[in-house]
Amino acid sequence: MVSELINANPTVYEKKERRVRITPADVDEYAVEPIDQLEIFDILSDYCIDIKDPEHPYSLEELKVITEDAIELDAKRNYVRVTFTPTVEHCSMATVIGLCLRVKLMRSLPSRFKVDIRVAPGTHATEAAVNKQLNDKERVAAALENPNLVDMVDECLGPSYE
């Protein structure tokens, strides 16, 4: 993926055990299934399609880049905020990680949702610049027109064969 590692020895955590959820759709296939914080986390850390770190073979969940607690959801206002924590404060991949999170949610959530992706306060040297880049529609659109960047995002979102 990347030729020189920014964080050669990241701390790797165990994945949380998933809770079994019974939704109205499990009982009635025509029922509207509400989207909650756990579902957003599951979208971002699904066992089949983990979002992988651009530098390492680990998922963002295993590196604690994303956690369930760092997801805010206001279902009535169709608003989602995901705050992620890079593994090092000078991580050059922070923008790519944020773009992967945004693309995964854009592909998975209904289009009515406004998605806000942020670096956790105080966890990155250029936090304000990264946040601005990740939440500017024109910058995101331009990034997704770059075939090399799209390939990197697709690789991060690709299936995990563990």
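## Ground rules

Residue numbers start from 1 along each chain as its sequence is written, and side-chain values use heavy atoms, with hydrogens and water left out. Because the model is predicted, local features need pLDDT of at least 70 and side-chain atom pairs count only at pLDDT 80 or more, while totals for chains, interfaces and linings use all residues.

Of its 6 residues, 5 are buried, so S2 is largely enclosed by the rest of the structure; buried here means under 20% relative accessible area with a 1.4 Å probe, protein chains only.

S2 pairs with S1 (residues 71-74) in the antiparallel sense over 4 bridges, where pairing takes at least two DSSP bridges between the strands. Glu72 has Arg81 in S2 as its bridge partner. The hairpin has 4 residues between the strands, and Asn78 takes a positive phi near 55° there.

With S3 (residues 114-119), S2 runs parallel, joined by 6 bridges. Here Phe84 stands opposite Val119.

## The crossover

S2, helix H3 (residues 94-108) and S3 make a right-handed β-α-β unit. Right-handed means that, with the strands pointing away from the viewer, the path from the first strand over the helix to the second runs clockwise.

## Helix H2

H2 (residues 37-45) has 8 of its 9 residues buried, so this helix too is largely enclosed by the rest of the structure. Among the buried ones are Leu38, Ile40, Phe41 and Leu44, but also Glu39 and Asp42. The cover over the buried residues of H2 includes S1, S2 and H3, going by contact, meaning heavy atoms within 4.5 Å.

Note on methods. Buried means under 20% relative accessible area, exposed over 50%, partly exposed in between (1.4 Å probe, protein chains only). Helices (H or I, at least four residues) and strands (E, at least two) are DSSP runs, numbered from the N terminus.
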